[in-house]
Every structure is written in structure tokens, then in C-alpha cells.
Amino acid sequence: MPSSSDASPHVQTFVCGFCFDEPRETVVLIEKQQPAWQAGRLNGVGGKVEPGEWPATAMTREFNEEAGVHLPTRGTDPSAWTPFCRLSWRGEDGEDDAPGQVLFFHSISSMAVQEARTMEAEVIRRVPVTDVLTPGRVRDRCLPNLRWLIPLALDPDDTVARAQIGGGLGLDS
């Protein structure tokens with residue numbers, strides 16, 4: 001049965017993933033066209049979790065749809081999507097600002113980074129991690145939260161995530 005982190009009629013759930021090569025020097029990002037507030041900016045690959053769908057399954061589906069690469073939903077292989085952060089918001093009374101959450105995942109796969117390609121209207125980019133974290137033209141094109149989400153995703157033992165979040169995210173699928 002899906003966990004409370006799945007989509008519901010009241011809380012829209014999104015997934016966002018960062019796929020790194022094995023030396024963790026390059027990350028796959030997508031040049032967003034929608035929503036309007038992200039247009040022209042770089043972000044992780046992801047999208048909406050469908051009703052009844054597990055978040056990790058949605059991450060696998062979204063990365064395959066947008067980057068053309070199928071990565072495992074679960075397992076001990078480093079290429080499997082691993083949850084590392086959850087951000088949520090309460091929303092306002094307006095229809096356009098309903099409560100929601102984004103579940104963030106990471107994967108380590110040089111093959112996926114090499115084979116990732118644009119599959120839809122939004123362009124897939126292979127970006128050096130240092131360019132995301134260092135002031136300059138690339139970082140200016142990234143959504144600002146990538147400056148802390150990417151280091152959090154790269155924490156090899158997930159110790160930062162455990163310390164900040166206080167344990168597992170309860171996203172097992």
C-alpha cells in the first residue's frame with residue numbers, strides 16, 4: 001500500500017532526481033520550460049507522482065521519459081534511485097497554491113549520465129558539479145536550491161540527511 005508520501009487528492013507530490021557520474025563530478029539537469037517560474041532555469045529531472053504510484057517508481061518513470069534512461073527503482077546498486085530529502089508546503093487558499101511536497105532522489109551511474117538525452121521539449125544537460133556550486137554563468141541559470149540540494153545528494157553516507165531530517169524519509173517502495 002502506498003505510503004503517506006504518495007500523491008493524494010489534497011497534497012500534490014512531485015519527484016526530482018539528480019543523477020551523477022561515478023566520480024560524482026557531473027550531474028544530469030534539465031532546462032525547464034514549465035512551470036513559468038522555472039522557465040529557462042536548470043533543475044533536477046522529475047515531475048508529478050501519479051495517483052497510487054510510489055515516489056521511487058515515479059522517479060524511475062520521469063527520468064526514463066525525460067532523459068531516455070531507465071534506472072532501478074530500488075536495490076543496493078548505487079544506480080538505484082535513493083531518497084535523500086523531502087520539502088513540503090502548506091499552500092494557500094488559492095487554487096494555484098495547493099499543499100504539496102517534492103521528494104528528492106539521487107543516483108550514481110556514469111552510464112546514465114553518458115546516455116542521458118533530450119526526449120521531450122525540455123533539454124537535458126550534463127553539468128559539472130563545480131559549475132553548479134561556483135558563482136558564475138551556470139550557477140546563475142540553476143534554481144537557487146540546487147546550491148544546497150546537490151551537496152546534500154552527494155553526501156556519501158547520507159549522514160547530513162539523517163542529521164537534518166532525523167532518520168529515514170519513509171519512502172520505501
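Reader: Is C142 buried or exposed?

Author: C142 counts as buried, because its relative accessibility is 1%. Buried means under 20% relative accessible area, exposed means over 50%, and partly exposed lies in between, with a 1.4 Å probe and protein chains only. C85 also counts as buried, at 5% relative accessibility. Before going on, note that this is a predicted model, in which local features need pLDDT of at least 70 and side-chain atom pairs count only at pLDDT 80 or more, while totals for chains, interfaces and linings use all residues. Residues are numbered from 1 along each chain as its sequence is written, and side-chain values use heavy atoms, with hydrogens and water left out.

Reader: How many disulfides does the structure hold?

Author: A disulfide is a covalent bond between the sulfur atoms of two cysteines. The test applied here is a pair of cysteine sulfur atoms within 2.5 Å. The structure holds zero disulfides.

Reader: How many helices and strands does the protein chain have, and in what pattern?

Author: Helices (H or I, at least four residues) and strands (E, at least two) are DSSP runs, numbered from the N terminus. The protein chain has six helices and seven strands. Along the sequence, they follow the pattern β-β-β-β-α-β-β-α-β-α-α-α-α. Of the 173 residues in the chain, 44% are buried. The chain exposes about 9,200 Å², and carbon and sulfur atoms supply 50% of that area; accessible areas come from the Shrake-Rupley method with a 1.4 Å probe, and for residues only the protein chains shown count as cover.

Reader: Which strands pair with β6?

Author: Two strands pair if DSSP finds at least two bridges between them. β1 and β6 run parallel and are joined by nine bridges. In that pairing, F14 stands opposite V102 of β6. β5 pairs with β6 in the antiparallel sense, over seven bridges, and T82 has H106 in β6 as its bridge partner.

Reader: How many residues of β6 are buried, and on which faces?

Author: Nine of the nine residues of β6 are buried. Both faces are covered. One side carries G100, V102, F104, H106 and I108, and the other carries Q101, L103, F105 and S107.

Reader: Which residues have the most contacts inside the largest nonpolar core?

Author: In soluble globular proteins, nonpolar side chains tend to be buried together. A nonpolar core is a set of buried Ala, Val, Leu, Ile, Met, Phe, Trp, Tyr and Cys residues joined through side-chain atoms within 4.5 Å. The largest one here has 23 residues, and those with the most contacts inside it are F18, F20, V27, L29, L146 and I150. At least two residues each come from β1 (12-20), β2 (26-31), β5 (82-89), β6 (100-108), α3 (129-133) and α5 (146-154). α5 gives the most, with six residues. A second, separate core has 20 residues, including M59, F63, V69 and I124.

Reader: What does V27 touch?

Author: Contact means heavy atoms within 4.5 Å. Leaving out residues up to four places away in sequence, V27 touches F18, C19, F20, R125, R126, V127, V129, V132 and I150. For the chain, residues 24 or more positions apart account for 65% of the contacts with a separation of 6 or more.

Reader: How many aromatic pairs are there, and which residues form a cluster?

Author: A pair of aromatic rings is described by the distance of the centres and the angle of the planes. Rings of Phe, Tyr and Trp (its six-membered ring) pair if their centres lie within 6.5 Å; planes under 30 degrees apart count as stacked, over 60 as edge-to-face and the rest as tilted. The structure holds five such pairs. F18 and F84 form a tilted pair, because their centres are 6.3 Å apart and their planes stand at 50°. This pair links strand β1 to strand β5, with F18 and F84 66 residues apart. F18 and F104 are stacked, because their centres are 6.3 Å apart and their planes are at 5°. Here F18 in β1 and F104 in β6 are 86 residues apart. F18, F84 and F104 form one aromatic cluster. F18 is buried, with a relative accessible area of 0%, and F104 is buried at 4%.

Reader: Where is K48, and what does it touch?

Author: K48 is in strand β4 (residues 45-48). K48 counts as partly exposed, because its relative accessibility is 46%. Its contacts, not counting residues up to four places away in sequence, are Q12, T13, F14, E53, A58, R61 and E62. The C-alpha atoms of K48 and Q12 are separated by 7.6 Å, and the two residues are 36 apart along the chain.
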